[in-house]
Amino acid sequence: MLTYKNQTFVCHLDLGIDILRKKWIGVILCHLSEEPIRFLELQRRVKGISQKILTQQLKVLEQEDIVAKKIYSQIPPKVEYYLTPKGLKLLPALTLIEDWAKEYYN
């Protein structure tokens, strides 16, 4: 058993899956794996997500240091979201899950 942010988990896999199972997280990570993306472009790509929920999910990913944002000092302000080194390290695991789903559920 381990505790993280006042929650108890059976093992590290349980903790990792808890972070990733939140709705939209997988889709957001899928799009950010390709390139840094501005907020509105990300919202367009993630069909069906509201601005509020996308903002909340990006904050969760930022708090976990999986995603970061770069703010450009220009008018109008430009903000891009991208995967951190921690987020990039997650990509092979996500690719394995995607390949498994393609093989067995295609």
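**Close-up views of a predicted model**

**View 1. A nonpolar patch on the surface is formed by I97, W100, Y104 and Y105.** Together these residues have about 530 Å² of accessible area, a value from the Shrake-Rupley method with a 1.4 Å probe, where only the protein chains shown count as cover for residues. Residues are numbered from 1 along each chain, and side-chain values use heavy atoms, without hydrogens and water.

**View 2. Here is W100 in helix α5, residues 85-105.** Helices are DSSP runs of H or I with at least four residues, strands are runs of E with at least two, and both are numbered from the N terminus. With a relative accessible area of 46%, W100 is partly exposed (buried is under 20%, exposed over 50%, partly exposed in between).

**View 3. Meet the largest nonpolar core, with 23 residues.** Such a core is a set of buried Ala, Val, Leu, Ile, Met, Phe, Trp, Tyr and Cys residues joined through side-chain atoms within 4.5 Å. I28, L29, L58, I66 and V67 touch the most other members. Helix α2 gives the most to this core, four residues.

**View 4. Look for Q57 in helix α4.** Q57 is buried, at 10% relative accessible area. Leaving out residues up to four places away in sequence, Q57 touches K22, K23, I25 and I28 (contact means heavy atoms within 4.5 Å).

Terms used: Predicted model: local features only at pLDDT ≥ 70, side-chain atom pairs only at ≥ 80, totals over all residues. Patch = residues over 30% accessible without salt bridge, like charges linked within 9 Å, V, L, I, M, F, W, Y side chains within 5 Å. Salt bridge = Lys/Arg side-chain N within 4 Å of Asp/Glu carboxyl O. Buried < 20%, exposed > 50% of the residue type's maximum accessible area, 1.4 Å probe, protein only.
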